[in-house]
Amino acid sequence: MRRRLVPTLLFLALAGLYALTTNPDPSPDAWTADFAARHIAMTGDPVPDIGDFPLLDDNVIRETWIVETADGREAVGRAPGVIAASVPAYAVARPATVSPLPGALTAALLTATAVLLFFLLLRDRLGTRRSLVAAGLLGLATPVWSVAADAVWPHTLTTLGIVGTAWAADRGRWWLVGVFGGVLLWGRLHAAVICAVAGLGLAWSRGRPGVAWRVGTAATAALALSACWTRWMYGSWDPSSGYRASDFTSGVAGHALDPLNHLGFVVSADRGLLWWCPMLLVLGPTAWRHRAALPDWSRWLAAAGASYLLGQAVLNRFSGGDHFYGYRTSLELVVCLSPALALASPHLSLRAKRWFVPVAVLQVALVAPGAVSDDMYVPVRDVWWRNAFLDALVLRPGELLPLVAATMAAALLAVRLLHTGRVARWLDGTDPWPPVRTVPGVEVRGCAPPSPTAGRLAAPRRGSRPPARRSG
């Protein structure tokens, strides 16, 4: 019973927090998708009257969110999953006017599900307490909170697809790996490269072509369904019909050999990973040194995330637009790296362990203000030299400092509770078996040994138990 209680409480806590901090006035990227989803739910017609959506009337970049159907009508241009994911919520709510709330609640639930899967992925390898910390960092110390859970962005779907891919690969459920790859490409078509690299890599390293066949078949079926959606919505079988192809071709021409665009993903003041995710510097070196001890699927997933980011750098500018907090176009890489970073955490050196808690608390404090408040943005033109958090610190200290103080207090309280003897014993009691050595030289809880680099996944095994006492 307790083993089920912890993930249930984790999901409810995250879903509740995400729902309370959704954006009532989201970016046009999310709001136009909500508009289309509501129209489909209310009428069954895939092409709404754009004139009914006043947000776009006077927008100088109106064409960013509008595409032309095969018969010349205007339609909302978004990835299929970004619209389709919210249709059930609007079918249930049936709001009288255009409201972002059903879409926002959909994002909150899907993102909470992704973080829950991440916890379940790690629990049998790292134990409940360490897995809760890792899930908390992914869910609250990255733009998983401030972007993916804030409204239905493509990242809402890609986050779920990446974590689901890892969860299914860890269990050797290759058809499901392909299904979650389908979630990836429904959220963002070129995110299919993550599923492709992971599936082909595992098939090659294990010498099992059947892995690639199963993953590829399921993902191809999802791609075919995506083409059916675009045929219904835009009159074209091209699964990229929700976006203007010219945007990507011009991106290739402008960014493929642009080193500043590539560096922007890492070091720009408001979009650079190192500014928002210093935990990469704490965990990254350890994960690299001990990569051979990590499950092979986690290594291939990290390679897949790097491949995806390289594709992003070629197809698109690093800044990723306005009206969101933190980085956005790099989020998939961070989610792809998260399993390897978490699984390497038992190897941390004494110096890295000393830095872990302060950096973790800092990262939560950096992300929380933009997740809770919905107007801390930096315009695209300024992302190289301005940072949304520092801007708010200078311009709105009376609003930011209490929020940061409350966030840091809550994070430190959580750290303290996890180290309290009674809580630690209770959480450790939810792990079903004694510790099992799953990483050479490191004692970790759980029952699933690391995935081998060849052959079948090793089946979970029970740890040794003390002999039962005999009466008399």
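1. Arg 381, Asp 382, Arg 386 and Asp 391 are joined in a network of salt bridges (a side-chain nitrogen of Lys or Arg within 4 Å of a carboxyl oxygen of Asp or Glu). Asp 391 is buried at 19% relative accessible area, and Arg 386 is partly exposed at 27% (buried means under 20%, exposed over 50%, partly exposed in between, with a 1.4 Å probe and protein chains only).

2. On the basis of the work: this is a predicted model, in which local features need pLDDT of at least 70 and side-chain atom pairs count only at pLDDT 80 or more, while totals for chains, interfaces and linings use all residues. Residues are numbered from 1 along each chain as its sequence is written, and side-chain values use heavy atoms, with hydrogens and water left out.

3. The structure holds twelve salt bridges. One of them joins the side chains of Asp 124 and Arg 3 at 2.6 Å, N to O. This pair links distant parts of the chain, with Asp 124 in helix H5 (residues 101-126) and Arg 3 in helix H1 (residues 2-20), 121 residues apart. Helices are DSSP runs (H or I, at least four residues), numbered from the N terminus. Asp 124 is buried at 19%; Arg 3 is partly exposed at 24%.

4. Arg 396 and Asp 375 also meet in a salt bridge, at 2.9 Å, N to O. Arg 396 lies in the loop between helix H19 (388-395) and helix H20 (397-419), and Asp 375 in the loop between helix H18 (350-372) and H19. Both residues count as partly exposed, Arg 396 at 23% and Asp 375 at 45%.

Definitions and conventions: Helix = DSSP H or I, 4+ residues; strand = E, 2+ residues; numbered from the N terminus.
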